[in-house]
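Me: Could we go through this model together? I would like to start with a strand pairing and then move to the interface.
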Amino acid sequence: MGPTSRETWAQRLGTFRASPSAFMAGPEGEDLGRHLLSDLRSEKLSEPTKVSLLALSLEYPAQLWPDAPAAEAAATSLLDTLVLLPPRPSALRRPLLLAATTALAAGGALGPTSGASRRLLPLLLGLASGRDLGRSFGPASEQRPLQATAWECLRELESCKPGLLGGCLGLLRGLLGQEGPVQPLSLLLALALRNALVIQARARLGLQGLLVAGDCPTEGGSWNWMLAEEGDAHLQPQAPSWPAAEGGECCLATLELSPEEARELRAAVAQLLDASYLLTPVAQAQLLWLLGWALRGLRGQPPVLFKPQLVRLLGTAQLTLLHAVLALKAAFGEALFTAQDEALLLRRLTLAAQHPALPLPAHLFYLHCLLNFPENWPLGPAGEEAAPLLLGSQLCRGLLPSLLHDPMDLLARLHLLCLLCVEDEEKEKKGQDQSPRRYLEELLAGLRQRAALGGGPRALATLCFQASYLVARCLAGQPAVLTPLTHGLAQLYRARPALAPHFVDLLDRVGPELGEPLKVVLRQEVVSRPGRDEALRWHLQMLARVADGDAQSATLGFLQAAAARCTDWGLQQALLQVCRALLRAGVGGGLADLLQALARQLEDPDGRDHARLYYILLAHLEEPKLGVALGPSLAAPALASSLVAENQGFAAALMVQEAPAPIRLSVGPHRAKGPAPVLQLQVEVLEQVYSLELRFRVERQLYAPLGAVHMPCLCPGRPIRPLLLPLQPRRPAPASLAVRALYTTPSGLTCHAHLPPLLVNFADLFLPFPQPPEGAKLGFFEELWDSCLPKGTESRLWCPLGSHGLEALVSRHLEPFVVVAQPPTSYLIAIRLPPDSRLLLRLEAAQADGVPVALRTDDWAVLPLVGDYLRGLSAAG
Amino acid sequence: MAQRAVWLISHEPGTPLCGTVRFSRRYPTVEKRAKVFNGASYVPVPEDGPFLKALLFELRLLDDDKDFSESRDSCSHINKTSIYALPVGGEELWPVVAFLKNGMIYACVPLVEQTLSPRPPLISISGISQGFELLFGVQGFLYSGQKNDSELNTKLIQLPDLLLQACPFGTLLDANLQNSLDSINFASVTHPQKQPTWKAGTYKGKPQVSISITEKVKSMQYDKQDIADTWQVIGVVTCKCDLEGSMPNVTISLSLPTNGSPLQDILVHPCVTSLDSAVLTSSSIDAADDSAFSGPYKFPLTPPLESFNLCYYTSQVPVPPILGFYQVKEEEVQLKITVNLKLHESVKNSFEFCEAHIPFYNRGPVTHVEYKVSFGQLEVFREKSLLIWIIGQKFPKSMEISLSGTVTFGAKSHEKQPFDQICIGGTAYLKLHFRILDYTLTGCYADQHSVQVFASGKPKISTCKLYRFKLT
């Protein structure tokens, strides 16, 4: 395929930029990267088109070459293109260098095994240090910009791979003193120095002469990747000299420098700072952040080196420079800034935060800096906005909010004012003036006045409520502020009920200090003023939020009066929402009447159904259940009928939900007593539940159906008596019981859970015969023995004995059923098997390892069970 | 300190999207670092379309604010800085630095070199101020000398190349984009070592220094007991130093006459090498008294090639230059207005122009005006509901002039009638615009002796003063 024309590329690039993901998913996406690289060498395309192709590769390498091998291949191709350029001036060299660097760094291909990296790095260093690279590198006129570009490329590579240039520190220092562009060199040196310090500190090594080593790998030699490999695991922030933000994770304290190294380091930093004036303001700021971070926590490196720069920096209006000074302040605190310096810095910040020559975004940022000022001795908790101690009310005078300010400016200043009011309260106790508070009240009144304007933009209302929220949050403990605010807001509602959604939002977000009294006055406001028709919708919306158990009759009266005017579906729904709120609040009698009336009189069938549903709920559910059933539901509003939406809410609350078992059941020791077998169940409670009902189902209907067991309340950790479950076997056989639990959670939901099945063993069904009188025992047994035949059967088997012998075995398992005993060798045993079978055992002439058992039963079917049981006895011990 | 992406978006109310992305630039190497630093809290930079939508919504620039929307209008959704969190694809992109200026939205996303949850304080993120500086730089470039849309478009076309120069990898090298443009042109000149980066080349030719002082006064006069009138002078000193040598040392001093008003709140250009502590601390925050530092204000500096703002200052002059009185009385459908203006005797009575704008808000168009002026003439802009009283070059000898009349308004017909949130009912204002050449209200001046140049050749020094005035 031949090279693409200029127009096609222009169109293709346009489509790509509009949505890269859509383009890459399309038919041309796959080959875009390849075409781009090949067309860069096409002689038919003009330089500007090629520059635009390179611009694309600078922005979207991840889309063009999505993995490391592709990025490596692309970088190689870009480097080849660069080398092949004819030696005349060309606009392509610079973007080619940038593109190769971007492809390697962004594609994750940069490393010692990458051929492109091994080519690019010496090339960049050669260009940067002004070495003659031969005629292929273009005319002399291009050397300057290429040199600066090469430095920038190296800095970017060092940023992405810290330690990459650690071996070149000495060379960089040497070059800084000679000719060459000072800015890129200073920034690269500062960055590489900082990275080297951090990496060496982590490895607990010194600088190891890095600062003085003069040589650096050139094209022939190999690049020193050692530091970069070590630094690789920890990409280092370039600027977090902010103690709070970084969590005190400054690791430089472990760095041990020899006096020689410390001197070299100091000299290098001083050299950089001295030349910093030659850098652009933004670059100066970068340098200060880097050096501040490099020296912080480093022993024996006093920050006074920065001092000569500070006055110059404080005088400017540059955002970056003041910000960098604040970073130094945060990094070094009192070591660099005395209390007087701190006061001066605050003064300059205050001044900058309101200076008419600066733009609004800068004002706002300075205000933010003031409220987060890194004080030498902060009083409040870290991370919370506060007015610095040295920022007195005199300094703040110019920072008071006024209605003429932009909303963001107003809110930022209002926050400051609130903080002053907090301090003011402390002063007030000492009897000083209270002007900030009065100022605040007037401002809020002004905001409300503007919000009350009918037809004004919503932003004005929003601002008023934001301000109220801010005040309520900052001054929650000051009734002197909150009381007028509450009444002012009530007046605002009276003037413009259409703001109801804002009021509801405010009530949802403020604490009870404002929320509770505001609720009360707003309710009064609504119910005492029937309102004109257009306000009714808002009144109902408001009431749905503020109605509760108080002032029931007034609320119900209002609703009754309103019902007649609720003619459309929306209003009826709003009305029903209020009813719902009242239902939740537990309002009873009067509400039932209202709901009944609504169920008859509302025009809309949906509304009537709804009212009826509420009435039924009110009549049938207890209060706590009602509260849960009507609780906030996440269900999306349904379009067709509000009942559907309502039902989605109920579904969670009223329907029984499947849940993991809240208890664990196990079968306890066998009780051989009474007329019928009783299963003893041990209960282990895992979570708190109420009204637990256990339901059992017998598999294969071997027993009669079992009744449910009820327990009112179960708490984990509280001891519980075992449950007794009477069994009525239809046949004497073991069975499995399926168990389900039905219960209520503390939050009021009804749940059910399947428990693991319980196994009823054959022996669990054994019951003793009534004991015959002493002396008649043998006769009683013989009588039973004889009665089994001919209907029943007789069998003999060998019962192995464990180490304990026959006596122990009988006493452990068969004691209740022994009729005649001649220990230790002979026992006659009679067992009743409900419903009406018997099992008779003769254990006689026991030997050391077992006993012969003669048995009779009147039920054929139990023979295999008996066999299994007896053989299992010795195993059970 | 780097940026992950930059955007320029024109705000176009009334169109379906309400805006268009005019320029965007992403920095993939920075993005890669963001992924590592932010870890689990990393949110990728979205494509232009979704970004535009989310940003306009957050800045309240979409046309649909009719209904309450919780995500935008909630009282707890408070923004006190120009830094936003944008909901994009179910996650929040933060921090996004953005502001609207002259119908253009400037936005960028600075790199945060740590995890974003919890969010670190803004003050600890170096990329924030760098981002602001970049956006201010772009704004300065687009609007320097720009008069119309076609010039703006030309500059927008230059922008990608300029950013390739000034911010090739997302780390800003120079916020002065004009400087970058110059350095492209100066590229062939070899720099000596001690050449500042902010100076693209060296000047060859006749040495010359020009200084111009412009003062504006912002005054608000309420004529009310409980609200104090305010008037504040804001000054800017602009210099252009055409001097040979790579780093000529210059000291420029500003002086005041004996009864001049002290300069306060002085902010200087970064090329100023040192500052007197009296200059640094003189501030409008302090109560004014006689002990205030009154100059001369010395600024030692190494000038850049281009024209630059040496310093900004404010000052508190003892009286407002023109005292105004404005009364509005509502009489059924018409307003009765009375205006008196008095020029203070100390002010130079020679204007380039002087006019009073009298706007009427929240009303219909002006249908009829009857008036009487003691001086000058009145122009009526009916559709804009605006009267302009053109006073001219001079106040009369008495220094006092007056205007009285009645204005009748038609019915409020369409949305185009000016709306104002403050000028409701009888609340109204009058705004004075004027300019006086070769005069400063503070008295601040620079002359032949104010400039010391430590370089070869004696420069020609020209100074000028300009006084602009806005009174409401």
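Me: Which residue in β8(A) is the bridge partner of A:Tyr743?
Reply: The bridge partner of A:Tyr743 is A:Cys751, in β8(A). Please note that this is a predicted model.

Me: How many bridges join β7(A) to β8(A), and how do the strands run?
Reply: Nine bridges join β7(A) to strand β8, residues 750-760 of chain A, and the two run antiparallel.

Me: What lies between them?
Reply: β7(A) and β8(A) form a hairpin with five residues between them. In the turn, A:Gly748 has a positive phi of about 100°.

Me: And which residue stands opposite A:Arg740?
Reply: A:Arg695 stands opposite A:Arg740 of β7(A). Strand β4 (residues 689-698) and strand β7 (residues 735-744) of chain A are antiparallel, with seven bridges joining them.

Me: Changing topic: how many residues does each chain bring to the contact?
Reply: Chain A gives 105 residues and chain B gives 100 residues.

Me: What area is buried there?
Reply: About 8800 Å² is buried between chain A and chain B, and carbon and sulfur atoms give 64% of that area. A:Tyr277, A:Leu278 and A:Arg458 supply 8% of what chain A buries against chain B, more than any other three residues.

Me: How many salt bridges cross the interface?
Reply: The rule finds two salt bridges between chain A and chain B. One of them joins A:Glu156 to B:Arg33, with the closest N and O atoms 2.9 Å apart.

How values were computed:
Residues are numbered from 1 along each chain as its sequence is written. Chains are lettered from A and ligands numbered from 1 in the order in which they are written. This is a predicted model: local features need pLDDT of at least 70, side-chain atom pairs count only at pLDDT 80 or more; totals for chains, interfaces and linings use all residues. Side-chain values use heavy atoms; hydrogens and water are left out. Contact means heavy atoms within 4.5 Å. Buried area is the accessible area (1.4 Å probe) that two parts lose on being put together, summed over both. A salt bridge is a side-chain nitrogen of Lys or Arg within 4 Å of a carboxyl oxygen of Asp or Glu. Two strands pair if DSSP finds at least two bridges between them. Helices (H or I, at least four residues) and strands (E, at least two) are DSSP runs, numbered from the N terminus.
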